[in-house]
Amino acid sequence: GRAPLPLAALSQVLRLERSRRTGIVFPLQKLERYLAPGTDTARFRLFQPGLAALQRAEALFRSDRGHPIDYVSSAVRMDHAPPPALPEVCFIGRSNVGKSSLIRALFSLAPEVEVRVSKTPGHTKKMNFFKVGKYFTLVDMPGYGYRAPQDFVEMVEAYLQERRNLKRTFLLVDGVVGLQKTDHIAVEMLEEFGIPYVMVLTKIDRASRGVLLKNVLEIQEFIKENTQGCFPQLFLVSSVEFSGVHLLRCFVAHVTGNLPTVEAS
């Protein structure tokens, strides 16, 4: 197994000075001070859990003997998928958006979990299922766009329409380039099926502050004007610096019903 990385655990983040700590846990709030006066920031703080909720969520993502976190299986068709026994979340996004890297960051406190990260875009050809104890399942979906598998559409559409235990879909968007044509197609599919989803902006460590602000504001406006099933708050993450990873763990715990609602409101 790999050793957990620096800042993978909240205890490491809490040792940082306050502004850096806030930037790691709530990266969206870090951007607020650079907004024009009068900008509506309500959608920056819709999901703002306290420390107890963040710690509870982290415990779910930390494996031990009584709480194993395991890769369960891969599937290319729905009849190969494991039984829909637990609440489930899935992660979708363009090839090379950093999906496997993000899942590896989420599971960094369970170093025995093998999440393959490929240098080749479009490497994930199957739906990969990870079981988090007796609490929920996380699914890594094949990337769309460049080098997507031939049967991607059939596989993903069937999953989204048939998976009754699916609680939330996480649509990953590259923080450097913003929404692309293929992302719009994914949004249309999720909207058409009436699937609740949330947008996650990845690779924020690679984007300049100006580019990141522009993309955040444009995407939040897009969500407001063009979507009904999308959670109004964007989630920003860096799998390298662990920015936003703790908050995303907490949101996953929340939508799978594993956090008291009061703590997560």
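## Strand β4

Phe136, Leu138 and Asp140 point one way from β4, while Thr137 and Val139 point the other way, and all are buried (under 20% relative accessible area with a 1.4 Å probe, protein chains only). In a regular strand the side chains alternate between the two faces of the sheet. Because five of the five residues of β4 (residues 136-140) are buried, the strand is largely enclosed by the rest of the structure. Strands here are DSSP runs of E with at least two residues, and helices are runs of H or I with at least four, numbered from the N terminus.

The model is predicted: local features need pLDDT of at least 70, side-chain atom pairs count only at pLDDT 80 or more, and totals for chains, interfaces and linings use all residues. Residues are numbered from 1 along each chain as its sequence is written, and side-chain values use heavy atoms, with hydrogens and water left out.

## The sheet

An open sheet of seven strands has the order β1-β3-β4-β2-β5-β6-β7, with mixed pairing; two strands pair if DSSP finds at least two bridges between them. β1 and β7 (235-236) stand at the edges with a single partner strand each, so one side of each is left without a neighbour in the sheet.

β4 pairs with β2 (residues 88-93) in the parallel sense over four bridges, and with β3 (residues 127-132) in the antiparallel sense over five bridges. Asp140 in β4 stands opposite Phe91 and opposite Asn128. Three residues separate β3 and β4 in a hairpin, and Gly133 in the turn has a positive phi of about 50 degrees. Elsewhere, β5 (residues 166-174) and β6 (residues 197-202) are parallel and joined by six bridges, with Thr169 opposite Tyr197 in β6.

## Aromatic contacts

The whole structure contains eleven aromatic pairs, counted where ring centres of Phe, Tyr or Trp (its six-membered ring) lie within 6.5 Å; planes under 30 degrees apart are stacked, over 60 edge-to-face and the rest tilted. The rings of Phe61 and Phe107 have centres 5.9 Å apart and planes at 40 degrees, so this pair is tilted. The pair links distant parts of the chain, 46 residues apart: Phe61 lies in the loop between α4 (51-60) and β1 (69-75), and Phe107 in the loop between α5 (99-106) and β3. Both residues are buried. Ring pairs also link Phe47, Phe91, Phe170, Phe231, Phe235 and Phe251 into a cluster.

Two arginines place a charged end over a ring (CZ of Arg, or NZ of Lys, within 6 Å of the ring centre and within 35 degrees of the ring normal): Arg56 over Tyr135, 5.6 Å from the ring centre, and Arg209 over Tyr34, at 3.7 Å.

## Cavity and pocket

On a 1 Å grid over the protein atoms alone, a cavity is a set of points where a 1.4 Å probe fits but cannot get out, whereas a pocket is an open set with protein on both sides within 12 Å along at least five of seven lines; lining residues have an atom within 4 Å of a point. Grid points are joined across faces, edges and corners, and a volume is the space filled by probe spheres set on the points. Among the residues lining the largest cavity are Phe26, Phe44, Phe47 and Phe235. The largest share of this lining, three residues, comes from α3. Its classes are nine nonpolar, three polar and no charged residues (Ala, Val, Leu, Ile, Met, Phe, Trp, Tyr, Cys and Pro are nonpolar, Asp, Glu, Lys and Arg charged, and the others, Gly among them, polar).

The second largest pocket has a volume of about 330 Å³. Of its 17 lining residues, Gly23, Lys30, Ile204, Glu241 and Ser243 are the closest to the centre. Helix α2 gives the most to this lining, with four residues.

Technical notes
Buried means under 20% relative accessible area, exposed over 50%, partly exposed in between (1.4 Å probe, protein chains only).
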